Amino acid sequence: LLARAGYGVYYGIDHRLNYSARVHGITQNAQIAETLAVRHLAAVAERPVQIFVDNKAVVDRFQSLLEGEPLPPDCSFHDLWTTMQRCIVAKPGLFCVEKVASHLGDEGINEARISVIAEEFNRQADALATAAARTHDLPQAVIEEAKHRHRQAVVLHSVAVAIYDRRHRTLPLPDRRAGYTEA
């Protein structure tokens, strides 16, 4: 419950369009962070951009918008995708998106599973996102209370599992059939 997310857009070393921000709101996960990053990039892009994203769902949705497919009304983060759709229409031919594997490092490069550029850009964007996520400032009382609730949940779960195991291992008496009486 205390997970906090951030996102980063990396153009290059000391580039003026490098950007990072924390994710606001209740939903704090990689999906929303990647979507926000691509939305930001689409909004500020000034010239053709090769977008490297390590989230397949975001790549697939963005690619479908590039191909002119309509946005499903029930898609997650519909408002963000509507904004991106407007950017794509306003800036035709500007974007190319590519799914890249994340966190492969030199091993992935040596095995030709990711290019040097894609690995570096993904690593730098992740560093920006991590730094942005650290800017969330939760009160210490909230953190302590969440830890306390987590410890209670672990104890209750352990007790429930122990009860289940005990009941599961208990065999019925040989002269009884479960759920039936002689009446």
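View 1. Just after α2, G68 has a positive phi of about 85°. Helices are DSSP runs of H or I with at least four residues, strands are DSSP runs of E with at least two, and both are numbered from the N terminus. This is a predicted model, in which local features need pLDDT of at least 70, side-chain atom pairs count only at pLDDT 80 or more, and totals for chains, interfaces and linings use all residues. Residues are numbered from 1 along each chain as its sequence is written, and side-chain values use heavy atoms, with hydrogens and water left out.

**View 2. The whole chain.** The protein chain has six helices and four strands. From the N terminus on, their order is β-β-α-β-α-α-β-α-α-α. Of the 183 residues in the protein chain, 32% are buried. Buried means under 20% relative accessible area, exposed means over 50%, and partly exposed is in between (1.4 Å probe, protein chains only). Take the contacts between residues at least 6 apart in sequence: 62% join residues at least 24 apart. A contact means heavy atoms within 4.5 Å.

**View 3. Helix α2 and its cap.** N55 caps the N-terminal end of α2. A side-chain oxygen of N55 lies 3.1 Å from the backbone nitrogen of A57. Such a polar contact is a pair of N or O atoms within 3.5 Å; within protein, one must be able to donate a hydrogen and the other to accept it, and residues adjacent in sequence count only if both atoms are side-chain atoms. Within α2, the residues V58, V59, F62, S64 and L65 are buried. The buried residues of α2 pack against α1, β3, α3 and β4.

**View 4. Helix α1 from end to end.** Helix α1 covers residues 30-44. Its 15 residues should span 21 Å at 1.5 Å a residue, and its end C-alpha atoms are 21 Å apart, which agrees. The expected span is 1.5 Å times one less than the number of residues. At the start of α1, a side-chain oxygen of N29 comes within 3.2 Å of the backbone nitrogen of Q31. The buried residues of α1 are I32, A33, E34, T35, L36, A37, V38, H40, L41 and A42. They pack against β1, β2, β3, α2, α3 and β4.

**View 5. Threonine 35 inside α1.** T35 lies in helix α1. Is T35 buried or exposed? T35 counts as buried because its relative accessibility is 0%. Not counting residues up to four places away in sequence, T35 touches V58, F77, L80, W81 and M84.

**View 6. The largest nonpolar core.** This core has 32 residues. Those with the most contacts inside it are I51, F62, W81 and F95. β1, α1, β3, α2, α3 and β4 each supply at least two of its residues. The largest share, seven residues, comes from α1. A nonpolar core is a set of buried Ala, Val, Leu, Ile, Met, Phe, Trp, Tyr and Cys residues joined through side-chain atoms within 4.5 Å. Leaving aside neighbours within four places in sequence, F95 is in contact with L41, A42, A45, V49, I51, F62, L66, C87 and I88.

**View 7. The largest pocket.** About 580 Å³ of space lies in this pocket. Of the 31 residues that line it, the closest to its centre are G8, E34, A37, A125 and D126. Which helix gives the most to the lining of the largest pocket? It is α5, with eight residues. β1, α1, β3 and α5 each supply at least two lining residues. On a 1 Å grid over the protein atoms alone, a pocket is an open set of points where a 1.4 Å probe fits, with protein on both sides within 12 Å along at least five of seven lines; lining residues have an atom within 4 Å of a point. Grid points are joined across faces, edges and corners, and the volume is the space filled by probe spheres set on the points.

View 8. R134 is in the loop between α5 and α6. At 67% relative accessibility, R134 counts as exposed. R134 and A5 are 129 residues apart in sequence, yet 8.2 Å apart in space, C-alpha to C-alpha. A131 lies in helix α5 and, at 42% relative accessibility, counts as partly exposed.

**View 9. Two loop residues with positive phi.** D14 is in the loop between β1 and β2. Its phi is near 55°, a positive value in a residue other than glycine. D14 counts as exposed, at 75% relative accessibility. F77 is in the loop between α2 and α3. Phi of F77 is near 60°, also positive in a residue other than glycine. F77 counts as partly exposed, at 21% relative accessibility.
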